[in-house]
Amino acid sequence: MDPSATEAAPHTAATEGAGADTAAADTAAAVLRRLEAAWNAGDGQGFGAPYAADAAFVNIRGEHHRGRDAIAGGHAGIFATIYAGSTNRMELVDARHLADDVIVATSRNTLDVPSGPLAGIHAATSTSVLVRVGETWQIAVTHNTLEATR
């Protein structure tokens, strides 16, 4: 993964406006960049890496996956099959601290699948809870919802 992918936060709706929680937005944007880079590289292990060992992930079909290994393995499987060669753009929409060591973040994700039964552009909204563990932030929970239309 490109180390520059975790540097300065992009300009997003979450970092604008009065009362914006820029520390939360910067943290969430860095985590999103890691996920996006891993997705676009087709790297299931890299995609799972930001998740806590006991994390929960609900995918767009409502399936519940438990644990970093299950999340990484599930993504490795889709990167090799239905989403092979796909790219995903993850845009931070909102991020705020719920407590000093807890952030809730919402992103808008645009998936471009080049071929196969799911070829086309798909939009989803994802909400994640990030927790600070020592000096790092991990994803504890993600719920990903496919958008019917945008």
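Accessible areas come from the Shrake-Rupley method with a 1.4 Å probe; for residues, only the protein chains shown count as cover.

View 1. The model is predicted: local features need pLDDT of at least 70, side-chain atom pairs count only at pLDDT 80 or more, and totals for chains, interfaces and linings use all residues. Residues are numbered from 1 along each chain as its sequence is written, and side-chain values use heavy atoms, without hydrogens or water. The chain exposes about 7,800 Å² of accessible surface. Carbon and sulfur atoms hold 53% of that area. Of the 150 residues, 38% are buried (under 20% relative accessible area, 1.4 Å probe, protein chains only).

**View 2. Order of helices and strands.** The chain has 3 helices and 6 strands. Helices (H or I, at least four residues) and strands (E, at least two) are DSSP runs, numbered from the N terminus. Their order along the sequence is α-α-β-β-α-β-β-β-β. Among contacts (heavy atoms within 4.5 Å) with a separation of 6 or more, 50% link residues 24 or more positions apart.

**View 3. The S3–S4 hairpin.** Strands S3 (residues 87-99) and S4 (residues 102-113) run antiparallel, joined by 11 bridges. Strands count as paired if DSSP finds at least two bridges between them. The hairpin formed by S3 and S4 has 2 residues between the strands. Asn88 has Leu111 in S4 as its bridge partner.

View 4. Mean pLDDT, the predictor's confidence in each residue from 0 to 100, is 89 for the chain. At least 70 is reached by 85% of the residues. Residues 1-18 stay under 50. Where pLDDT is low, the predicted coordinates should not be read in detail.

Definitions and conventions
Buried < 20%, exposed > 50% of the residue type's maximum accessible area, 1.4 Å probe, protein only.
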